[in-house]
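Here is a short briefing to read with the structure open beside you.

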Amino acid sequence: LGIKSIKAVQGDASEYSENLGLFDRVLCDVPCSGLGVVSKKPDIKYNASPEKLQSLVDLQRDILKVVSRYVKSGGVLMYSTCTINRAENEDNADWICKESGFTKDGEYHQLLPANNSGMDGFFVARLIKS
């Protein structure tokens, strides 16, 4: 099944727009703590706090609630972050599955940063809308 068209949209993902319609696939790469890229941005670890992390989880959930509405029934929501924080990753993916009728398509993919390899930490979940 090939891709026939792509529609790139710029806007505030925390605000729903009826003008956009429904899509077969939606990529949701949310703002995150960046704990997976801390080797390239060491200031991240000095600015992190439990309150800031919770604030990010809340923002991510607000975005997921909105973005999930753009996915057609049977469509795919790709959720990604550049962090290794479970609350921002697996917990949010599980949450949107419960809240908005998505199911996991296989396993979640958590890549961990590797010392001396230059590889960053990322998370990706492929979710199917019921």
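In this predicted model, N85 is in contact with S33, L35 and L53, leaving aside its neighbours within four places in sequence. Find N85 in the loop between β2 (71-81) and α3 (90-100).

**N85 and its surroundings**

- N85 counts as buried because its relative accessibility is 16%, and the cut-off for buried is under 20%.
- The side chain of N85 also makes a polar contact, at 3.0 Å, with the side chain of E88.

- S33 sits in another loop, the one between β1 (23-29) and α1 (43-47).
- Is S33 buried or exposed? With a relative accessible area of 12%, S33 is buried.
- Which side chain joins that of S33 in a polar contact of 2.6 Å? The partner is E88, whose side chain also makes a polar contact with the side chain of N85.
- Not counting residues up to four places away in sequence, S33 touches I44, L53, L56, T83, N85 and E88.

**S55 in helix α2**

- S55 belongs to helix α2, which covers residues 50-67.
- S55 has 44% relative accessibility, so it counts as partly exposed.

- Several residues of α3 are buried, namely E90, N92, A93, W95, I96 and C97.
- An α-helix has 3.6 residues a turn, so residues three or four places apart point the same way.
- What do the buried residues of α3 pack against? Their partners are α2, β2, β3 (102-104), β4 (109-111) and β5.
- Just after α3 comes G101, which takes a positive phi of about 70 degrees.

**A nonpolar patch on the surface**

- L111, M119 and F122 form a nonpolar patch on the surface, and together they have about 260 Å² of accessible area.
- F122, one of the patch residues, lies in strand β5, which runs over residues 122-129.
- F122 counts as partly exposed because its relative accessibility is 34%.

Conventions
Residues numbered from 1 in each chain as written. Predicted model: local features only at pLDDT ≥ 70, side-chain atom pairs only at ≥ 80, totals over all residues. Heavy atoms only, no water. Helix = DSSP H or I, 4+ residues; strand = E, 2+ residues; numbered from the N terminus. Buried < 20%, exposed > 50% of the residue type's maximum accessible area, 1.4 Å probe, protein only. Polar contact = N/O pair within 3.5 Å; in protein donor to acceptor, adjacent residues only side chain to side chain. Contact = heavy atoms within 4.5 Å. Patch = residues over 30% accessible without salt bridge, like charges linked within 9 Å, V, L, I, M, F, W, Y side chains within 5 Å. Areas by Shrake-Rupley, 256 points an atom, 1.4 Å probe, with all protein chains shown as cover. Salt bridge = Lys/Arg side-chain N within 4 Å of Asp/Glu carboxyl O.
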